[in-house]
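Please keep the sequence and the structure in view while reading.

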Amino acid sequence: MHQLAIALHRKGYIVTGSDDEIFEPARGNLEREGLLPETIGWHPEKVDAGLDAVILGMHAKADNPELQRAEALKLAIYSFPEYIFQESRDKTRVVIGGSHGKTTTTSMVMTALQSAKRDFDYLVGARLDGFPQSVNITHAPVIVAEGDEYPASTLEKRPKFHFLFPHIAVLTGIAWDHINVFPTFEIYLEQFRIFLDKIEPEGILIYNQTDPVLSRLVEEHPGAFRRAAYGVPTHKIENGITVVTLEGQTGALRVFGEHNLLNLHAAWLVCKELGLNAAGFIKGMAGFTGAARRLELLATTPSLNIYRDFAHAPSKVKATIRAVKAQFPDRRLIAILELHTYSSLNEQFLGEYRGSLEDADSAVVFYSPHALELKRLPPLSEEKIIAGFEKKGMAVMHKKEELAEWLMEQSYKNANLLLMSSGNYDGLDIQALINQITQ
């Protein structure tokens, strides 16, 4: 939300905002742009009939006094994605959705377009080198947007990607998640059917044909849009470096893993629709290091690499572990997974993780009792976690001190350490641990 505020301010709009708490980096970013509120909290008296639009963040509550004032005045109230659409009505809209890989695929498209010196707007869910903002709204003819399936706002419970109406749509795969919002897989699947209905006439759907659930959904859907299937492109691994070939053009990559190759193939098909050639796309990908916390290399020594990844859903965990093991088959893989989301901390969902840690040589599943309290979930037993994952020799921990001690006891000779979490291991000082391990 604060990045959208900055983008609209830079476009020339008068922008104001409010929140009950504003943390870094949002606080500093807003202050530098002259947008930081003078006081923290709600001031309904400042909401008046002269406002053109009120944009509602997904975490704002229905009893927010400023929202109630805006409703009483019958102002135009938009969720974040609804307003993004208002700003992109006259643009070619690229929307990248799916249960996994959408941030990386979006980032790859952005990087390739930037390398080719194309003018475009964007919306992406992570920090990306070369892009100071995660949202940019200008007068560019194209917008590249990551399409999230989570609800848009407290007033609009439909998924965000239902409001963006793509001309070029991507679906990377379907794997049940967000069980607090979509209690059954069928309800979750239905959101993707609806997304297909939102593709503009004569638009195109680019989809992952290696995903059987997605392929079946696309085959059964009656939509008149064009379809372009993608899979793992031609590639080879040489001395730990992946080299890919697209339409006769070959180049080395700085990212790796089958899931990233799938993401890259999807990104190429998007860029091809936007007029890029294979040589230009490969050139752009040569410098792509990945979005923040997506197999991000935190430290390296001659015998050890330490990676951090946002993986938390079962499909993401499995894909990330497979990628590291395939890239470095002769290295021992030590994998740490934090259960931090509502779904992952739910006893009924744990069985979805079965087999996800299988390729790890040593594995720990960590969770914080505090996270359970915040999500108002009952205590989670170690036995239930072990039964859900079915990983032989897997350790379960819930104290950060215990995890730190375990990590310091491991041998890191000819090894890779993979830290997977959408949280922070209950405040564990990861950088200090990395310094100790690498020294």
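Ile168 counts as buried, at 5% relative accessibility (buried means under 20% relative accessible area, exposed over 50%, partly exposed in between, with a 1.4 Å probe and protein chains only). The model is predicted: local features need pLDDT of at least 70, side-chain atom pairs count only at pLDDT 80 or more, and totals for chains, interfaces and linings use all residues. Residues are numbered from 1 along each chain as its sequence is written, and side-chain values use heavy atoms, with hydrogens and water left out.

- Ile168 lies in strand 7 (residues 168-171); helices (H or I, at least four residues) and strands (E, at least two) are DSSP runs, numbered from the N terminus.
- Leaving aside neighbours within four places in sequence, Ile168 is in contact (heavy atoms within 4.5 Å) with residues including Val94, Ile204, Val270 and Leu274.
- From Ile168 to Pro233 the C-alpha distance is 20 Å, and the two are 65 residues apart in sequence.

**Two helix pairs**

- Two packed helices are described by the angle between their axes and the distance between the axes.
- Axes are lines fitted to C-alpha atoms, for helices over the stretch in contact, and angles run from 0 to 180 degrees between N-to-C directions.
- Helix 1 (residues 2-11) packs with helix 4 (residues 80-87) at an angle of about 25°, and their axes are 12 Å apart.
- This makes helix 1 roughly parallel to helix 4 (angles under 35 degrees count as roughly parallel, over 145 as roughly antiparallel, 65 to 115 as roughly perpendicular and the rest as oblique).
- In this pair, Leu4, Leu8 and Lys11 of helix 1 meet Phe80, Tyr83, Ile84 and Glu87 of helix 4.
- Helix 5 (residues 102-115) and helix 9 (residues 278-286) pack at about 110°, with axes 8 Å apart.
- Helix 5 is therefore roughly perpendicular to helix 9.
- Their contact is made by Met108, Thr111, Ala112 and Ser115 of helix 5 with Phe281, Lys283, Gly284 and Met285 of helix 9.

**Helix 14**

- Ile430, Leu433, Ile434 and Ile437 are buried in helix 14 (residues 430-438).
- These residues cover an arc of only 100° around the axis, so they are on the same side of helix 14; the arc is that of the directions from the helix axis to the C-beta atoms.
- The buried residues of helix 14 pack against strand 13 (296-301), strand 14 (304-309), helix 13 (400-409) and strand 18 (415-420).
- Asn435 also lies in helix 14, and Asn435 is partly exposed, with a relative accessible area of 34%.
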